[in-house]
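Reader: Please take me through the model shown here, and state the criteria behind each value as you go.

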Amino acid sequence: MSNTAKAEPGPRSRTGFTPRQRRKVGIGGQYVALVAVAILAITMVDWERIQVNFFNVDMLGEVWPELFTVGLVNTVIYTVSGYTLGFLLGLLIAVMRLSALRLNRILAHGYIEIFRGVPALLVFLILAFGLPIAMPGRELPFPPFGTVALALGLVSAAYMAETFRAGIQAVPKGQVEAARSLGMSAPRAMITIVLPQAIRIVIPPLTNELILLFKDSSLVFAIGITAGTADLSKIGNDLATEHSNSTPFVLAGLTYLLITIPLGYLVRRLEARQAKAR
Amino acid sequence: MSENQNPEPATEAAAEHESEVPAEHGYEPAGRAMVSIRGLHKSFGDLQVLKGIDVEVKAGEVVCVIGPSGSGKSTLLRCVNLLEQPSAGEIEVDGVVLTDRDCDLDRARRRIGMVFQQFNLFPHLNVLENVTVALRKVLKVDKATARKTAREQLASVGVGEKAEEFPARLSGGQQQRVAIARALAMKPHLMLFDEPTSALDPELVGDVLTVMRDLAESGMTMLVVTHEMGFAREVADRVIFMDGGVIVEQGTPAQVIGDPQHERTRTFLHRVLHPIDD
């Protein structure tokens, strides 16, 4: 029976629809679902309370200044210090990962596996609460900035190391050969010839990592920080509690977006430029 | 080049096709040995690429290595400065045994210039920096002197006006001449050319070959892997024909290209010189 269906416009599925009919039903179904959700939202949610709680215009003046001068500033400090550390450590680990020495490769591989596989939150907790017990009397510099920078740096280094490795491997072999044929040592060729090219190649993914880190800096919340060193999320939370209103949450979120959306746009621009140059 | 150790200018030797050397192995030019290759074997895994090569190149001599692809000629050249580690045998350049385990390869390579098929210019550096980088980082020449040397060298190969450009803006012929200038700036005693014109558009080949001919006439010792039979005929003191990882025959250009003794050489030359008739 089905093998006699020679003149059919297309194969029929078990439901008996042609592919075109199936597509129509699919699109129609999506519209029905969307409308249903919209109706539910409109009828079931108290919009006035939502507006007062989340989008309270009166809160703006009270919350913005502190969000910016304390929250955003601290978040940027945490992010930049963590990123710098992660960048340098990541570079080192990437080079170790490609080392001629097997022990170096094993150590680098182990590092990457551990810090990519463990939640960043756990790293924060270990550094903030585990380390002081293990090393009494000693402290990471500029508390809590040292702890945060180290935690973010350790975690992001693992990701950046893999990115750097890909970048290094994308530099043609002939570049190293040319450098070595001029008498450069292997480390000299790496530093002067390979790394500058590799880093250029990985600027887009590294910028992406910056965005991720910018958001991950909110994990400082877990290690109990004071008002002066609070990041965006913490300030948002404090202000929300203080005013018994959720507008600070929304404003904190908007402040994150203020940074992440342009950065994301920048990444896409850089990626497009590289794709064109290739 | 100022360092002319050539007892007799290369031009005379090239013009003098009817010399009294025998057509086969045992060619013994006069003068100090610049390169001695003894019993060279090279394998990549199970693949034996070089099966016992003995070559001596005298100071000031220009030797062209020809042969079908896969004959091992590029590998031979890359073994001379140990870009490829020989599986067995000995390489001596300018009195230094490079295959010695405690040989300072980086130091030895300073005096061995190499020009690659794909140019291998450093794309992140401009033309001038391409030439100065090894002077600065390897020979520790001061910036002003390095730039002066580089400008002179670039001018001598006819790309002096391109000093501030980046390699990507140059034609293949210009890039290859910059690569030659980059190698010559190190004041090498030996120049290795690995199919220097094979990646060039036909109309750009002449510029590069002219530079190479001038270099040969200045007395530079040159080992050239090439498919340019015209160049080999005109410029080489000696031509080596390789096939299957061994030297099949060698002699003056007149002997090897003009009157080959071996069937394999004849077949190869016929294919190269008359690619479309049978």
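Reader: What percentage of the 278 residues in chain B is buried?

Author: The model is predicted, so local features need pLDDT of at least 70, side-chain atom pairs count only at pLDDT 80 or more, and totals for chains, interfaces and linings use all residues. Residues are numbered from 1 along each chain as its sequence is written, chains are lettered from A and ligands numbered from 1 in the order in which they are written, and side-chain values use heavy atoms, with hydrogens and water left out. Buried means under 20% relative accessible area, exposed over 50%, and partly exposed in between, with a 1.4 Å probe and protein chains only. By that criterion, the buried share of the 278 residues in chain B is 55%.

Reader: Chain B exposes about 11,900 Å²; what percentage do carbon and sulfur atoms supply?

Author: Accessible areas come from the Shrake-Rupley method with a 1.4 Å probe, and for residues only the protein chains shown count as cover. Of the roughly stated total, about 11,900 Å² for chain B, carbon and sulfur atoms supply 47%.

Reader: What is the strand order of the open sheet of four strands in chain B?

Author: Helices (H or I, at least four residues) and strands (E, at least two) are DSSP runs numbered from the N terminus, and two strands pair if DSSP finds at least two bridges between them. Strand 1 (residues 33-44) and strand 2 of chain B pair in the antiparallel sense over nine bridges. The edge strands, each pairing on one side only, are strand 2 (47-58) and strand 5 (96-97) of chain B. The pairing in this open sheet is antiparallel, and its order is 2-1-4-5.

Reader: What angle does the direction of helix 2 of chain B make with that of strand 1 of chain B?

Author: Contact means heavy atoms within 4.5 Å. Axes are lines fitted to C-alpha atoms, for helices over the stretch in contact, and angles run from 0 to 180 degrees between N-to-C directions. Helix 2 (residues 73-80) of chain B packs on the sheet, where it touches strand 1, strand 2 and strand 4 (88-93) of chain B, and its direction makes with that of strand 1 an angle of about 120°.

Reader: Which elements do the buried residues of helix 4 of chain B pack against?

Author: Helix 4 (residues 127-137) of chain B is mostly covered, with eight of its 11 residues buried. Among them are B:Val127, B:Leu128 and B:Leu135. These buried residues pack against helix 5 (143-156) and helix 6 (172-184) of chain B, together with helix 8 of chain A.

Reader: Which helix supplies the largest share of the lining of the second largest pocket?

Author: A pocket is an open set of points on a 1 Å grid over the protein atoms alone, where a 1.4 Å probe fits, with protein on both sides within 12 Å along at least five of seven lines; lining residues have an atom within 4 Å of a point. The second largest pocket is lined by 17 residues, and those nearest its centre are A:Leu98, A:Ile168, A:Val176, A:Ala186 and A:Met190. Helix 6, helix 7 (173-181) and helix 8 (186-201) of chain A each supply at least two lining residues. The largest share, five residues, comes from helix 8 of chain A.

Reader: Is A:Thr147 buried or exposed?

Author: A:Thr147 lies in helix 6 (residues 145-170) of chain A. Leaving aside neighbours within four places in sequence, A:Thr147 is in contact with A:Leu127, A:Ala128, A:Leu140 and A:Ile223. Because its relative accessibility is 11%, A:Thr147 counts as buried.
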